[in-house]
Amino acid sequence: MLSETIKLRLLERFSAPLPEFYSRRIVFWHDEDGEFGDEVNSLDLPCVNIVKLTGTNNFAIKKLLSVDDMTGDYLVYDPLAYDKDSKDDWLLDIRLYSEEFRA
C-alpha cells in the first residue's frame with residue numbers, strides 16, 4: 001500500500017498553482033524498480049488521470065498527451081529504464097516540459 005506521505009506529496013504537486021503559460025500539469029513518476037506498480041492502480045487523485053507505461057503503450061500514451069487530451073492533468077507512472085541517450089524514449093519531448101516525481 002502506498003504510504004500517506006507519497007499520496008500527500010502527489011496531491012500537493014497537483015494542487016500547486018501552475019507556472020506561467022502552462023494550462024495543465026503532467027508528472028512522470030519514475031520507478032525503475034517497479035516497487036509501486038500494483039499500488040498505483042488504487043491511487044485516487046481527484047481530477048488527475050493516471051496512466052501506466054508498459055513498454056508497449058508508449059506511442060498510445062504520447063498520442064493521448066499530445067493530441068487527444070491537451071487540457072487534462074496526468075500522472076504517468078513509468079517503471080521503465082531507458083538508455084542514457086534516451087533514443088528509445090517516445091515521450092522524451094513531453095518529459096522535457098513536464099515534472100518528475102520519485103518515491
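These legends describe close-up views of a predicted model.

**View 1. The largest pocket and its lining.**
The largest pocket has a volume of about 190 Å³. Its lining consists of 13 residues, and the closest to the pocket centre are Tyr 22, Arg 24, Arg 25, Ile 26 and Tyr 97. By class, the lining holds seven nonpolar, three polar and three charged residues.

**View 2. The largest nonpolar core.**
Nonpolar side chains tend to be buried together in soluble globular proteins. The largest nonpolar core in this model has 13 residues. Leu 10, Trp 29, Leu 45 and Leu 75 have the most contacts inside it. At least two residues of this core come from each of helix H1 (4-15), strand S1 (26-30) and strand S3 (73-78). H1 gives the most, with three residues. Beyond its neighbours up to four places away in sequence, Leu 10 touches Trp 29, Leu 43, Leu 45, Leu 75 and Phe 101. Another core lies apart from this one and has 10 residues, including Ile 26, Phe 28, Ile 61 and Ile 94.

**View 3. Arg 25, a buried charged residue.**
Arg 25 sits in the loop between H1 and S1. Its relative accessible area is 5%, so Arg 25 is buried, the cut-off being under 20%. Two polar partners are shown here for its side chain. A polar atom of the Arg 25 side chain lies 2.9 Å from the backbone oxygen of Arg 13. The side chain of Glu 99 joins that of Arg 25 through a polar contact of 2.5 Å. Not counting residues up to four places away in sequence, Arg 25 touches Arg 13, Phe 14, Ala 16, Pro 17, Leu 18, Pro 19, Gly 72, Asp 73, Tyr 74 and Glu 99. Arg 25 is also among the residues closest to the centre of the largest pocket.

**View 4. Asp 78 and its partner Arg 95.**
Asp 78 belongs to strand S3. Its relative accessibility is 0%, and Asp 78 therefore counts as buried. A polar contact of 2.6 Å links the side chains of Asp 78 and Arg 95. Residues up to four places away in sequence aside, Asp 78 touches Trp 29, His 30, Asp 31, Glu 32, Leu 53 and Arg 95. One of these, Trp 29, has a place among the residues with the most contacts inside the largest nonpolar core.

**View 5. Val 27 in strand S1.**
Val 27 lies in strand S1. With a relative accessible area of 0%, Val 27 is buried. Leaving out residues up to four places away in sequence, Val 27 touches Arg 13, Phe 14, Tyr 74, Leu 75, Val 76, Glu 99, Glu 100 and Phe 101. Val 27 and Leu 80 stand 53 residues apart in sequence, with 15 Å between their C-alpha atoms.

Phe 21 is in the loop between H1 and S1. Its phi is near 75°, a positive value in a residue other than glycine. At 79% relative accessibility, Phe 21 counts as exposed. Cys 47 is in the loop between S1 and strand S2 (48-52). Although Cys 47 is not a glycine, its phi is positive, at about 65°. The relative accessible area of Cys 47 is 75%, so this residue is exposed, the threshold being over 50%.

**View 6. Val 51 in strand S2.**
Val 51 has its place in strand S2. This residue is buried, with a relative accessible area of 12%. Neighbours within four places in sequence aside, Val 51 is in contact with Ile 61, Leu 64, Tyr 74, Leu 75, Val 76 and Tyr 77. Asn 41 is 10 residues from Val 51 along the chain, and their C-alpha atoms are separated by 9.0 Å.

Pro 79 is placed in the loop between S3 and helix H3 (92-97). Its relative accessibility is 25%, so Pro 79 counts as partly exposed. Beyond residues up to four places away in sequence, Pro 79 touches Asp 31, Glu 32, Gly 34 and Leu 53. Pro 79 and Val 51 are 28 residues apart along the chain, and 11 Å separates their C-alpha atoms.

Notes: Residues are numbered from 1 along each chain as its sequence is written. This is a predicted model: local features need pLDDT of at least 70, side-chain atom pairs count only at pLDDT 80 or more; totals for chains, interfaces and linings use all residues. Side-chain values use heavy atoms; hydrogens and water are left out. On a 1 Å grid over the protein atoms alone, a cavity is a set of points where a 1.4 Å probe fits but cannot get out, and a pocket is an open set with protein on both sides within 12 Å along at least five of seven lines; lining residues have an atom within 4 Å of a point. Grid points are joined across faces, edges and corners, and a volume is the space filled by probe spheres set on the points. Ala, Val, Leu, Ile, Met, Phe, Trp, Tyr, Cys and Pro count as nonpolar, Asp, Glu, Lys and Arg as charged, and the others, Gly among them, as polar. A nonpolar core is a set of buried Ala, Val, Leu, Ile, Met, Phe, Trp, Tyr and Cys residues joined through side-chain atoms within 4.5 Å. Buried means under 20% relative accessible area, exposed over 50%, partly exposed in between (1.4 Å probe, protein chains only). Helices (H or I, at least four residues) and strands (E, at least two) are DSSP runs, numbered from the N terminus. Contact means heavy atoms within 4.5 Å. A polar contact is a pair of N or O atoms within 3.5 Å; within protein, one must be able to donate a hydrogen and the other to accept it, and residues adjacent in sequence count only if both atoms are side-chain atoms.
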